[in-house]
Amino acid sequence: MNMIKRLALAAALLGTLAGTAFGQSVDFYHDKANWQDAFTSALGKAPVAVTITPYADTSTYQAAVRASLKTPQAPGLFTWWSGYRMKDLVDAGLVADVSDIWKKYVDAGKYSASLAGAYTFDGKIYAVPNNIAWWVVFYNKKTFAQYGLTPPKTWDDLEKINATLKQNNVTPFGATVQGRWPAFIWFEEFLIRQDPDLYNKLMTGQAKYTDQGVTDMFAKWKEWIDKGYFTDPSIDFGTACSNAMASQFAQGKLGMILVGTWYVSTLTGAGVDSGDIGTFIMPNEKPDMKPALIVESGPLLVAANSAQKADALKDADYWMGAEGQQAWIDAMDFPPINVDVKAKSPLISELATTINGGGYNQINRFWEATPSDIAEAAVDEIGNFMLHPDTAAQVQQNLQALADKYWAAHKP
């Protein structure tokens, strides 16, 4: 064989190997920078190798993903939000139907079919679960013990805890506008503690942001702000690398953080021993109401136009399987949703027993429960209230103007 033929053969072989390598790599984008190591661990044995790219800023992330989804260069896998927030992607044909993957696991008795509800449109399922999270209060057991405190059973109990912590120069609760989206956390929580029916109607255009119940909610929120029950709203939350809120919690300067159960790893990453983390579910302000909590259902989607779609579907199947899910739960200490997977910690196991056995009203999170056109602008208005609590009345008017504009074009 002459030299030219040998070089041609070598080039052809190199091209084949390169094509195979590129064909066997799935890009995975997400905006949860602090979860990068966990994603790497959980997908380490995926059938097709995964290249994982984190984005520190949610707005930048959304723009980058949306810009790519109509092209073959779209990531094979990406995280998103459920309900209204993924509906436009589904309507535009930008995400793949994964109903067959769900059928495989549901038919085998490994998943509850109801979990797919947040990702189902016109009878088809368009995502696998990235995580299911309960929004509960994390408290520092050492801090509580230092001041003789125990988890509250009533709203009055909670008010006394806040007062005791504040008297001892410990900020009771974390709250922030950093990243924009966290502004809705206390909006939804105060509202469901007073009137969960109003909250649900508000999310779907059946009530108004100017209704008396919303006014009452803002009044209670302002009362807590005025009493100094919250951190400075500029504090970093710990979801985009900086862990200032979690660090204050670890140091005993902050008593409680209301957040999804996915926050466990952020706390332990800030130096909190897992045995020092306690949880409770916020009591209702009105004691005669059914116990309730906010639930978040985060999806993992496959881009329909991605050149990596076929391989991404293989990895999505692996993700729902016991091996992938156990690695994910072990890394993040999330509530397990595959029946063959065990919770990592007693904390999550105890929560599961409490919530599943307590008849809790599980209420969809604001970010997913209301149309994204409203939510995206609403968090800025709510954030403005957190920075300037005297503006509540104007904020309510502004929120209703946003809702009126949307629902006029999309009848509720």
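In this predicted model, Val214, Thr215 and Phe218 of helix α10 meet Ala392, Val395, Gln396 and Leu399 of helix α18. The domain assignment of the protein gives domain 1 (24-132 + 297-352) and domain 2 (134-294 + 366-409).

**Packing of α10 and α18**
- Helix α10 spans residues 212-226 and helix α18 spans residues 392-409; their axes lie 10 Å apart and form an angle of about 140 degrees.
- Angles over 145 degrees count as roughly antiparallel and those from 65 to 115 as roughly perpendicular; α10 and α18 are therefore oblique to each other.
- The crossing in which α10 passes α18 is right-handed.

**Domain arrangement**
- The centres of domain 1 and domain 2, taken over C-alpha atoms, are separated by 27 Å.
- Contact between the two domains involves 25 residues of domain 1 and 27 residues of domain 2.

**Largest nonpolar core**
- The largest nonpolar core comprises 137 residues, and Phe78, Trp186 and Trp221 have the most contacts inside it.
- Strand β6 (residues 128-140) supplies the largest share of this core, with nine residues.
- Domain 1 and domain 2 each contribute at least three residues to this core.
- In soluble globular proteins, nonpolar side chains tend to be buried together.

**Surroundings of Trp186**
- Leaving aside residues up to four places away in sequence, Trp186 touches the aromatic residues Phe173, Trp221, Trp224 and Phe230.
- Under that condition, Trp186 also touches Gly174, Ala175, Leu258 and Met282.

Technical notes
Residues numbered from 1 in each chain as written. Predicted model: local features only at pLDDT ≥ 70, side-chain atom pairs only at ≥ 80, totals over all residues. Heavy atoms only, no water. Core = buried A, V, L, I, M, F, W, Y, C linked by side-chain atoms within 4.5 Å. Buried < 20%, exposed > 50% of the residue type's maximum accessible area, 1.4 Å probe, protein only. Helix = DSSP H or I, 4+ residues; strand = E, 2+ residues; numbered from the N terminus. Domains from an automatic or database assignment. Contact = heavy atoms within 4.5 Å. Axes fitted to C-alpha atoms, helices over the stretch in contact; angles between N-to-C directions. Parallel < 35°, antiparallel > 145°, perpendicular 65-115°, else oblique. Left-handed = near helix turned anticlockwise from the far one by under 90°.
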